[in-house]
Amino acid sequence: RETAAPPAVSAPAESTASIASRFAARVEANKEYPYMAVKRGLTGAVRVTASLSAEGNLEGVYITASSGASLLDEAALQAVRNSCPFSHGAGRSITITVPIHFDLQ
């Protein structure tokens, strides 16, 4: 005798904090320290805000806090662009702000 399968329970959407953490790691992996910035000894942190579609496509990206060095700011934007598409489990469009650090060590 067959019994009906229980109704499927949809998995909870991934938390924004979890997505932001994974996205920050992806951006870090795609970050390239510009040669001229290294040569000039430029360091700093850039805060970048990215809007991702439900499918993970980049809808927009902008700098929320500049490092004060255009070379680093542009490299941060490029790292975000290179990290997309980024699949996430939010099930909707999301906006994430990530800090991107450029440190010479």
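Two strands count as paired when DSSP finds at least two bridges between them. With that in hand, turn to the sheet of this predicted model. The sheet is open and has three strands. Their order is β2-β1-β3, and the pairing is antiparallel. At the edges lie β2 and β3, the latter spanning residues 94–102. Each of these edge strands pairs on one side only. From one strand to the next, the twist averages 25°.

In general, strands of a sheet pair through backbone hydrogen bonds, in a parallel or an antiparallel sense. Here, β1 covers residues 44–52. Nine bridges link β1 to β3, and the two strands are antiparallel. One place to look is Thr49, whose bridge partner in β3 is Thr97.

A helix comes next. Helix α1 takes in residues 16–30 and lies across β1 and β3. Relative to β3, helix α1 runs at about 40°.

Strand β2 spans 58–65, helix α3 spans 70–82, and Ser67 sits in the loop between them. What does the side chain of Ser67 reach? A polar atom of this side chain lies 3.1 Å from the backbone nitrogen of Ala69. The side chain of Ser67 also makes a polar contact of 2.8 Å with the side chain of Asp73.

Which residues does Ser67 touch, leaving aside those up to four places away in sequence? They are Gly44, Ala45, Val46, Leu72 and Asp73.

How values were computed:
Residues are numbered from 1 along each chain as its sequence is written. This is a predicted model: local features need pLDDT of at least 70, side-chain atom pairs count only at pLDDT 80 or more; totals for chains, interfaces and linings use all residues. Side-chain values use heavy atoms; hydrogens and water are left out. Helices (H or I, at least four residues) and strands (E, at least two) are DSSP runs, numbered from the N terminus. A polar contact is a pair of N or O atoms within 3.5 Å; within protein, one must be able to donate a hydrogen and the other to accept it, and residues adjacent in sequence count only if both atoms are side-chain atoms. Contact means heavy atoms within 4.5 Å. Axes are lines fitted to C-alpha atoms, for helices over the stretch in contact, and angles run from 0 to 180 degrees between N-to-C directions.
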